[in-house]
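Colleague: Before I set anything up with this model, I would like to go through it with you. Please show it first.

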Amino acid sequence: MQAERRAAPSKVPAVTLGYWAIKIVATTLGEVGGNAVTLTVGLGYLAGTAIFASALIVLLAAQFRAERFHSSLYWAVITATTLAGTTLADFCDRSLGIGYLGGSILLLSLVVATLVLWKWTLGTIAVETVHSPKAEGFYWAAIMFSQTLGTALGDWMADSTGLGYNGSAALIAVALAVVAGLRFLTKVSRPLLFWAAFVLTRPLGATLANSLDKPAANGGLGISDITISAVLAAAMVACVLLIPQRAGHDLEVREAA
């Protein structure tokens, strides 16, 4: 018997600069879209969470059934996680009274626990290896927790540290630049750096969104959530259609005669 190596296609996209561009648009859309439903339309956090969670369940079912990477489906699920994450974080932080800091600590713990369990179970948290139901389950759990964390963390930074929305966005951008530097200049674990960047881009989107839709008295521009959501939704569709994407690949070993 001779070992033969072949490329196994992942069900998630390769991580490129275009990937991060779409991710930031999606997270910003999730923040203003969630606010549009819960605050502007007035449905409240619980109803908003129920609506977006229902859509997320349907989209996740389709994603798990898919046999290969579909960019439109993948980004629809990502957008649903950031919408549901926004309303869920607001419900826990505000309606349940956990608070921004308490919510951030709890959700960060869940992100770390998911990644540790994933690593312990499958031996790697590399997104290129997401081509099995078990790996995909860990992947989407980590994403959902990190998307929810982003809203709580962004709100805590903007409201409780004195940085404001723009200051918080600038600090997160610096942190992302450090992660990028580590990626290109060191040998720090690539999967670890990916998840660090994934977590950080979520509060970046949240603070950018709040700098647009919050009243001028609170440091924002006071633009309607619905208007911003419509613009970002159109931008999201354009990005998914125009930015080249491909499935990530991982080399797996198979036995050949």
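The questions below go through confidence, fold, core and charged pairs.

Colleague: What is the average pLDDT of the protein, and what kind of model is it?
Modeller: This is a predicted model. Of the residues, 92% score at least 70. The average pLDDT of the protein is 86.

Colleague: Which element has the lowest confidence, and which has the highest?
Modeller: pLDDT stays under 50 over residues 1–6, for which the model has 19 contacts beyond four places in sequence. Over residues 251–257 it also stays under 50, with 21 such contacts in the model. Where pLDDT is low, the predicted coordinates should not be read in detail. By element, the lowest mean is 50, in strand β2 (residues 247–256), and the highest is 95, in α2.

Colleague: In what order do the elements run from the N terminus on?
Modeller: The protein has eight helices and two strands. From the N terminus on, the order is β-α-α-α-α-α-α-α-α-β.

Colleague: What is the radius of gyration of the protein, and what would a compact globule have?
Modeller: The C-alpha atoms fill a box of roughly 70 × 35 × 35 Å along the principal axes. For 257 residues, a compact globule would have a radius of gyration near 18 Å. The value for the protein agrees with that, at 19 Å.

Colleague: What share of the contacts with a separation of 6 or more comes from residues 24 or more positions apart?
Modeller: Buried residues make up 47% of the 257 residues in the protein. As for the contacts with a separation of 6 or more, the share from residues 24 or more positions apart is 77%.

Colleague: Which element gives the largest share of the largest nonpolar core?
Modeller: The core has 58 residues, and those touching the most other members are Tyr74, Trp118, Tyr139 and Trp195. Elements giving two or more residues to this core include α1 (17–40), α5 (133–160) and α8 (225–242). With eleven residues, the largest share comes from α5.

Colleague: Which residues does Trp118 touch, leaving out those up to four places away in sequence?
Modeller: Trp118 is one of the core residues that touch the most other members. Beyond four places in sequence, Trp118 touches Gly123, Thr124, Ile125, Ala126, Val130, Ala135, Phe138, Tyr139 and Trp195.

Colleague: Lys11 forms a salt bridge with which residue?
Modeller: The count of salt bridges comes to two. In one of them, the closest N and O atoms are 3.0 Å apart, and Lys11 is the basic partner. The pair links strand β1 (residues 2–13) to helix α5 across 125 residues. The partner of Lys11 is Glu136.

Colleague: Are Lys11 and Glu136 buried or exposed?
Modeller: The cut-off for buried is under 20% relative accessible area. Lys11 has 7%, and Glu136 has 1%. Because both values fall under the cut-off, Lys11 and Glu136 are buried.

Colleague: How many residues apart in sequence are Glu31 and Arg202?
Modeller: Their side chains meet in a salt bridge at 3.4 Å, N to O. Glu31 is buried at 2% relative accessibility, and Arg202 is buried at 0%. Glu31 lies in helix α1 and Arg202 in helix α7, so the pair ties together parts whose separation in sequence is 171 residues.

Colleague: How many disulfides are there?
Modeller: Cys92 is partly exposed, with a relative accessible area of 22%, whereas Cys239 counts as buried at 17%. A disulfide needs a pair of cysteine sulfur atoms within 2.5 Å. By that rule the number of disulfides is zero.

Note on methods:
Residues numbered from 1 in each chain as written. Predicted model: local features only at pLDDT ≥ 70, side-chain atom pairs only at ≥ 80, totals over all residues. Heavy atoms only, no water. Core = buried A, V, L, I, M, F, W, Y, C linked by side-chain atoms within 4.5 Å. Buried < 20%, exposed > 50% of the residue type's maximum accessible area, 1.4 Å probe, protein only. Helix = DSSP H or I, 4+ residues; strand = E, 2+ residues; numbered from the N terminus. Contact = heavy atoms within 4.5 Å. Salt bridge = Lys/Arg side-chain N within 4 Å of Asp/Glu carboxyl O. pLDDT = per-residue confidence, 0-100. Rg over C-alpha atoms; globule rule 2.2 N^0.38 Å.
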